[in-house]
Amino acid sequence: MMAEAGAGGPRLAELLALGRRLWDELEASTEPSSGAPAVQDKVRQGLDALQRAAAMVAQLELFSENEELEEVASADLKFMLLPALLGALTLKQVDLSRRREHLESAREHFLRFLKLCRNYGLGSFQLPPGTSSEEEAGGPSASRDPAQPNLVAMAMSRTAKIERYKQKKELENKLASMSSSVESGTADEDQIREFYILQIQKWIGTSLEEIESIDQELVILRSRDAARQAPAGSRVPSRPARTPVKPFILTRDAAQARVFGVGYPGLPTMTVDDWYEQRRRQGIVSQQGFGEPGSPPCPSPPAGTSDEEAQKQQQETEEEKDDEEALRKARDWDDWKDTHPRGYGNRHNMG
C-alpha cells in the first residue's frame, strides 16, 4: 500500500501539506473579516490543493472497506484527514447566495471522513442522525416524530459533548508534545503512527461538532427559503400608511374661530361643521351619518336585495337617526352652557 502511495511521488504529500498549511494560516489569521480578498484567496488555493490530493488518493485506492487499520502504512494515515480538511475549508467560503450549497457540501465531506474512520475502528462515536444504516432503512428512530423532544437522546448528546471536549483537550496536549519530534524527523515509526492517529481522533470530534452546527443552520435556511417561496396570497397584507394629520383648533362656530385664530396664528382653525364637511369629502365619514336634521334620507336599497338585507339596512338607518338626535341634544347642551355660567339659577345655597 505504501509503495502505491509512493507512486504518486512527493506531489501527493505536497498537496496535502499545502492545504494543511493554508488551513493553519486561516485559523491563525488576524484579518477582521473572513470575506477579505486575501482570506478567500487562501481558501480557494487550499480547496484546490486538497481536491487534487483527494482525487489522487481515490485513484491510488489507498483505503478500502475490507482492510484493517494495521494494514494501512503509517505514512498513509495522514491522507485520511483529506475529507475533514475539505469540509473545514468549504465552510470558510462566504458567498451568501451559495451558503446552503456550501453547508451541504461540507456536511458530505465530514460524513465521508467519519464513515472512513468508523470502518477502520478509529474512535468510538455514533454517526449524526439521518446517516446510520438503521435510519436510512426506515428504522424506528427514523419514524419518530421530530417535533417531539427525545429527552434520552438529548441527555446522551449532552454527555457526549462533554466527553468530546475532555478528549479534545487531552489530544491537543499530546499532539503539542509530539509535534516537534515528528516535524523534525527524529520520531520513529511508532511515534509517527500514534501522532497521525491522534490527529484523526481530534478531527473526529471537530467533524461531529461541525455537522451539528451545519444541521442547525440548514434548518434556518430552509425555513427562510420556504417563506420566500410561499404564495403571495398566504401572506398577511400590510396596512396602508396613514397620512399624518396636521394639528388644528376645533371651534364651535365662526366667532370662536376668529378669536382662537388671533391667539394661535400658527395653527389653522375650523368650525365643527367645516371639520365634518372636510371628513366627508375625504370619504372618512358618510353624509347621512352626520348630516343635519332634515337632510335627505338614505337611498332605498337596490333591486334584488333580500328582505333580510332590507330589514338590516332599515335598522341601520334608524340607528343613524338616533345618533343624529343624540348629536343635536349634545350641541344644544353645549350652547346652553356657553350662555349660562356654572351655578346659574342657584339662589338657595348662594354658592
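Is Trp23 buried or exposed? Trp23 is buried, at a relative accessible area of 12%, where buried means under 20%, exposed over 50% and partly exposed in between (1.4 Å probe, protein chains only). The model is predicted, so local features need pLDDT of at least 70 and side-chain atom pairs count only at pLDDT 80 or more, while totals for chains, interfaces and linings use all residues. Residues are numbered from 1 along each chain as its sequence is written, and side-chain values use heavy atoms, without hydrogens and water.

Three aromatic pairs are found in the whole structure. One of them joins Trp23 and Trp203, a tilted pair at 5.8 Å centre to centre with 55° between the planes. Rings of Phe, Tyr and Trp (its six-membered ring) pair if their centres lie within 6.5 Å; planes under 30 degrees apart count as stacked, over 60 as edge-to-face and the rest as tilted. Trp23 belongs to helix α2 (residues 10-27) and Trp203 to helix α9 (residues 189-229), 180 residues apart. Helices are DSSP runs (H or I, at least four residues), numbered from the N terminus. Trp203 is also buried, at 7% relative accessibility.

Glu61 lies in the loop between α3 (37-60) and α4 (82-90). Its phi is positive, about 55°, although Glu61 is not a glycine. Most residues other than glycine have a negative phi. Glu61 is exposed, at 59% relative accessibility.

The helices on either side of this loop, α3 and α4, pack at about 155° with axes 10 Å apart. Axes are lines fitted to C-alpha atoms over the stretch in contact, with angles from 0 to 180 degrees between N-to-C directions.

Terms used:
Helix = DSSP H or I, 4+ residues; strand = E, 2+ residues; numbered from the N terminus.
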